[in-house]
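I opened the model to go through its surface patches and its backbone. My notes follow.

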Amino acid sequence: MKIDTKLIHGGTFGDPHTGAVSVPIYQVSTYKQKRVGEHAGYEYSRTGNPTRAALEQLMAELENGARGLAFSSGMAAISTVLSLFHQGDHLVVGDDVYGGTFRVLTRVFNRMGLEATFVDTSNLEAIEAAIRPETKAVYMETPSNPLLKVSDITAISGICRQNGLLLIVDNTFLTPYWQNPLELGADIVVHSATKYLGGHSDVVAGIAVTKEESLGEEIHFLQNSIGGVLGPQDSWLLIRGIRTLGLRMKQHEANARRIAEWLADHERVKKVYYPGLATHPGHEIAAKQARGFGGMISFDVGSAELAEQVLERTKLFTLAESLGAVESLISVPARMTHASIPVEKRERLGITDGLIRISVGVEDIEDLLTDLDQALS
Ligand SMILES: *Cc1c(COP(=O)(O)O)cnc(C)c1O
């Protein structure tokens, strides 16, 4: 089945009891048991809930994995996956991962003795150099946030296999519509489903999908033990969002390509970061491992003042954190999403005060260009 069909028919389709074409919202915490230990597949909704199960099955199919798991946020998904590791274990992590991922590793999991070394994962030698005897996994995002750096999933999975490491990929930016890390050798995919999967800025959720059933079983044990599960109402909203993922992603991408090209020619723009541009250093790898380049663009206007002006003047780009929804959003990563990364580190990475990140929505492209034009003038 092709992905556009899977989005509609994948997972559990509707309700066999009534013929309803949408999965019911099972707003329930517990389930009647016939005898002690004998039940119809569900006993308590932290352990499993039919609406959440429908979403988990759909996500497993979309990522071509064995097992999908849904959490109360992207950070709950990521934290539960990180709970696979033990005191004294070490991880190699991308150096411009999502700020919340950096924070949970350096301020929470470090307390329990989980160590992380942050490297540029687009540089294979840097990954190899960071591996130690106690290293257990590589954790990465591609394209990364906010500089849209591209890392070669197949090559990194080769390094991981050689060294007996798990490869964990945060696939939030491209979604399974454009990129399937499990097919390229990753063991676990995580998502902030709050972004493109939900797509409407109305739900906070997270997803993990594993390539192998055994690893999925282990993460389910952690999900049930830690308890950060997604509720039935939000599971249903996410399924509804996912049904139109293909339509949305195509429009996000078509709009983003036009805007990236337009920005690249603009005299007040110093630099544009978009993997779809042939001039982007990761363009070839992105084109090889993904079917699309996504809807996120970062561009540097050279100064905090001009960045401020653009943020104040845009009318269709809403000043907000987050990304991936139907409406266009704009932010300054250094002062918003990446504020928890120390200043020296931000500057070394290129996350300057003049760097603007846009999440290109699905509005009419001419309206978006007109808006950016007046904001930059
Ligand atoms: C937003 C985001 C997260 C965190 O997800 P929440 O749903 O906000 O908890 C993780 N990774 C990436 C790439 C994100 O953009």
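This is a predicted model: local features need pLDDT of at least 70, side-chain atom pairs count only at pLDDT 80 or more; totals for chains, interfaces and linings use all residues.

Residues are numbered from 1 along each chain as its sequence is written, and side-chain values use heavy atoms, with hydrogens and water left out.

I looked up arginine 268. Arginine 268 is partly exposed because its relative accessibility is 32%. I found it in the loop between helix H10 (245-264) and strand E8 (271-273). Helices (H or I, at least four residues) and strands (E, at least two) are DSSP runs, numbered from the N terminus. Together with Lys270, Arg313 and Lys315, Arg268 forms a positive surface patch. For patches I took residues with over 30% relative accessible area and no salt bridge, joining like charges within 9 Å and nonpolar side chains (Val, Leu, Ile, Met, Phe, Trp, Tyr) within 5 Å. A salt bridge is a side-chain nitrogen of Lys or Arg within 4 Å of a carboxyl oxygen of Asp or Glu.

I then noted a nonpolar surface patch of Ile8, Phe13 and Val21, with about 280 Å² of accessible area together. Areas are from the Shrake-Rupley method with a 1.4 Å probe. Isoleucine 8 sits in helix H1. Its 33% relative accessibility is why isoleucine 8 counts as partly exposed.

**Leucine 311.** I placed this residue in helix H12 (residues 304-313). Leucine 311 is buried because its relative accessibility is 13%. Beyond neighbours within four places in sequence, leucine 311 contacts Leu319, Ile330, Ser331 and Val332. Contact means heavy atoms within 4.5 Å.

**Backbone.** Which peptide bonds did I find to be cis? The bond from threonine 142 to proline 143 is cis, with omega near -5°. The bond from asparagine 145 to proline 146 is cis, with omega near 5°. Proline 143 is in the loop between strand E4 (135-141) and helix H6 (153-163), and proline 146 is in the loop between E4 and H6.

I also checked phi. Threonine 175 is not a glycine, yet has a positive phi of about 65°. It lies in helix H7 (residues 175-178). With a relative accessible area of 1%, threonine 175 is buried. Serine 322 has a positive phi near 80°. Serine 322 is in the loop between strand E10 (318-319) and strand E11 (329-331). I flagged these entries because most residues other than glycine have a negative phi, and most peptide bonds are trans.

How values were computed. Lys and Arg count as positive and Asp and Glu as negative; His and the chain ends are not counted. The place of a charge is taken as NZ of Lys, CZ of Arg, CG of Asp or CD of Glu. Buried means under 20% relative accessible area, exposed over 50%, partly exposed in between (1.4 Å probe, protein chains only).
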